Amino acid sequence: MAEKYVGQRIKRNEDPRLLTGRALFVDDVELHGMLHAAFLRSDYAHARLVSVDVSAARNRPGVVAVYTAEDLGDLWKPGPLLVPAPHSVENVVFHQRTQVPLAKDKVRYVGEAIAVVFAESRYIAEDALADIWVDYEPLEPVVDMERALDADAPLIHEDLDSNLCAHLAQEKGDYQAAREQADLIVSRRFLVDRGAAGAMENRGVVADWDEKAQHLTVWDTTQAPIPIRNGLAGMLGLSAHQVRVVAPFVGGGFGPKIMMFLSEEVLVPWGSMQFKRPVKWIEDRQENFLATTQERGQVHDAEMALTSDGRILGVRDVFIHDTGAYDPYGMTIPLNTQSHAMGAYDVPNYYTEVKVAFTNKMIVTPVRGAGRPQGIFVAERLLDIAAKELGIDRVGIRRRNLIPPEKFPYNHEIIDQAFAPLVLDSGNYRLALDQAVKRIGYEEFIKDEQPRLRAEGKRVGLGIVVFIETTGIGPYEGARITVETSGKISVATGVGTQGQGHFTSFAQIVADQLGVDVRDVHLVTGDTAEFHWGTGTFASRGAVVAANAIHAAAVAVRAKTLKLASKVLETPEEELELRDGEVRVADIPRQSIGLGELAVLANPLRGAVEPGTEPGLEATDYFGPQYGATANGAQAMIVEVDPETMMIEIKRHVVVEDCGTVLNPLIVEGQVHGGVALGIGNSYYEKLVYDENGQLLNASLADYLIPSATEVPRMEVGHEVTPSPLNPLGSKGAGEAGAIPVPALFAQAIEDALADYDLEVLETPLSPNRLFELLQGKEKAE
Amino acid sequence: MSDLYEVSVTVNGTVYQRSVEPRLLLSDFLRHELGLTGTHVGCEHGVCGACTVLFDGEPVRSCLMFAVQANGHQVSTVEGLGTMEELHPLQQAFWEAHAVQCGFCTPGVLMTLLPFLEENPTPSEEEIREAISGNLCRCTGYQHIVDAVLLAAEKMPSQGDC
């Protein structure tokens, strides 16, 4: 079968709707008689709630109800744990403390919801928030994750003995023994601070309880509509069939929009059932900073043991992970960090230990990258420092240590976020590095260009790093594909879409199998009424797990179509082909039947049907990988630092990625560009600044700097393709790769640009200010 | 509750008369009073640019204006550009160049670019980046947007020539 669409740069099916303003986003849902919700949020990071007086708010005209924790009855209980602790690791400690719909007795972060107002308009609902009087008894806030683990730190969850949320140690080989053999040990402390996901669309929920039909419809900016449907049904005492969750067009996800039954997602549907009216809540940008989950805060004490010729003998990484006030997402992020702190390297001995700390800050859940950028930062920084100490070229030391192609599948033995052994399925890591070296002109830059520019007084530096990205984890996704009587194809799958181009890349797979125009494949994602089973769009799994489920269903529909056509055309299946929306006898194209006609024949109104025959040209199938497929890549950049302002200009940025089979290069490149832009933010612009009281000081887009078109450079993207053996399409995920290595890349490039300062970059994000501070007191080497 | 004021606003050539509270944002007026939900709201403090519309031909942040300020004025929104069947050349170029991912920032970017391309029909990449630096996009890294504008500049008839 010729692949007409898969692998091609097809422009997207969904774009005309988005470009003309006709696409439905959650805030576009307008329903008759709709109420609006607004949330009163804590001003304190840590305080006892002495009293909450909502009487004035209740009396405001236009206010329908104001509720506090006391009013919620049985609904008031801690939310679900979305990801349990990894049961397959011995001696894992995990204290489940998930958030409640409204704070009772005490608040644990600035922004925690205390009361909810339901009113006739959003303006009135927000007015009423100012009428609520809260009496707080401030407690000492625990802002710093290291401080949180001190024996005398105030307790955030007072029923625990400490602020330790979780503890997990894993070992591969024998690090201590390796250390004794080493010629060189490099040890450093690395700091990674928090950033925001910063989707352009804030979160939102609209719920509509139909009393007569006893049915709830929820439009939700979620990446995972099916788990949300299942969870809401349970919380609200409904059957899953009474709840429909729709994730329509979603304006960027990046992790926090997996949504996790935070206050709003639970109380808006509940409110609709109370009032038997639709209810809408749309987050504003300040709430997005205070009350949408965040990520990245970790402190690492890491070391690498090497031979004198630069071969890695082992890595040891002991770190603290800041989970914020609650832990609904389990240990996914630190497990990812553990999976990535060996980088793309053949590391025979590894000891990794994490302590997860509760702090009085917003809850931490995955943000694009999800623990991986931190791990890669540790691995790449240690290797850079070792290379310097050993006097080995940084590309050379990488080549020496990359996992060689013959060692795949490569078992790292530790347990990963899917609770399975971390096995890297396939790859040829050297190819990506070599291509990056070539594209950036590494040798020429080091030998000629850099010395020449330095002689002109310019501070230019080059960075080059390699990385892996574990992607495409299970458990499974599914899809149902139907040939309509019009001859067009409809596809339903459970994952949501937030800009990844699923309407197109998934359609390409189906169009190839069924021989139709890609624009005749109509895809529905993220509507639980259309597909019942699945998990969601996260962990760079759409193009792996969902795409392969769609592939499986398409193969099944193709088989059914050929079987029926064979009967109708009285021709063996082997002599038939699917092209241009019809089934043809290969040598006699005039002898054909349209898919629509076949669909009618497959669902007759009269007559007998052969036993065992299913009606229609339709199939549902599922795909669950044995374990996740691991993508890899290399990135290189050339930067110039302005020594006066410490502003950095990225002169060139090269990305080489290997995500296995590429379904649509245009879409993959778009994913890479966006990921890199986030990585640039994470490296030099974006830092959530909390003060000692746990107040977020830069909770606006004016103060928290998301890179704009003038900070993000033109990128040059190259591909390598080593298909994954774990799925029929051979795909690996591509969603997070762009972002993952950028902080490590920036650090190396800045050090190189400021080589005369003997600077070691051991933290991310930097900023012009921070770089200036780091250079203070550094003797400029002669 | 505030008094209501009569406003008459021309949006995409159609005159709309409504009674509104003086505090009603122009963005909310367009979206929730008129149902023109193509204009998106990303920050309500004038930084992200998603709510950009043309106000008497000039790009403005509709979240930083009140509906009453638009009384007697002309507003253009993304709905006034091309249709799904017949895209405006700029929209067509965005489609060709894959300048759209989630599409949330897109209407604001388009409305920012329209007057820019009128003034500067053959912009350089640097000028394009400068022009859209007040529109935040979290998905695309801007590169395909820049490519789309370069493509549109090639294809769009230059108004300065006639």
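Here is a short tour, grouped by topic.

This is a predicted model, where local features need pLDDT of at least 70, side-chain atom pairs count only at pLDDT 80 or more, and totals for chains, interfaces and linings use all residues. Residues are numbered from 1 along each chain as its sequence is written, while chains are lettered from A and ligands numbered from 1 in the order in which they are written.

**Core**
- The largest nonpolar core has 307 residues, and A:Ala37, A:Val117, A:Val510 and A:Ile550 touch the most other members.
- A nonpolar core here is a set of buried Ala, Val, Leu, Ile, Met, Phe, Trp, Tyr and Cys residues joined through C-beta atoms within 7 Å.
- Buried means that 20 or more other C-beta atoms lie within 10 Å of a residue's own, with C-beta atoms placed from the backbone.
- Helix α15 of chain A (residues 542-569) gives this core its largest share, 12 residues. (Helices are DSSP runs of H or I, at least four residues; strands are runs of E, at least two; both are numbered from the N terminus.)
- Skipping neighbours within four places in sequence, A:Ile550 is in contact with A:Ala479, A:Val491, A:Thr493, A:Phe506, A:Ile509 and A:Val510; contact means C-beta atoms, placed from the backbone, within 7 Å.

**Two packed helices**
- In chain A, helix α10 (residues 372-390) packs on helix α18 (residues 742-753) at an angle of about 30°, with the axes 8 Å apart.
- Axes are lines fitted to C-alpha atoms, for helices over the stretch in contact, and angles run from 0 to 180 degrees between N-to-C directions.
- That angle is why α10(A) and α18(A) are roughly parallel, a label for angles under 35 degrees.
- Residues of α10(A) that meet α18(A) include A:Pro373 and A:Phe377, and on the α18(A) side you'll find A:Ala744 and A:Gln748, among others.

**Where the chains meet**
- 44 residues of chain A are in contact with 47 residues of chain B.
- Of the side of chain A that touches chain B, α17(A) supplies the largest share, six residues.

**Hairpins in chain B**
- Strands β1 (residues 5-11) and β2 (residues 14-20) of chain B run antiparallel, joined by seven bridges; strands pair if DSSP finds at least two bridges between them.
- Two residues separate β1(B) and β2(B) in their hairpin, and B:Asn12 in the turn has a positive phi of about 50°.
- β3 (residues 52-55) of chain B pairs with β4(B) in the antiparallel sense over four bridges.
- Across that pairing, B:Val53 stands opposite B:Val60 in β4(B).

Methods. A residue is buried if 20 or more other C-beta atoms lie within 10 Å of its own, exposed if 12 or fewer, and partly exposed in between; C-beta atoms are placed from the backbone. Two residues are in contact if their C-beta atoms, placed from the backbone, lie within 7 Å. Angles under 35 degrees count as roughly parallel, over 145 as roughly antiparallel, 65 to 115 as roughly perpendicular and the rest as oblique.
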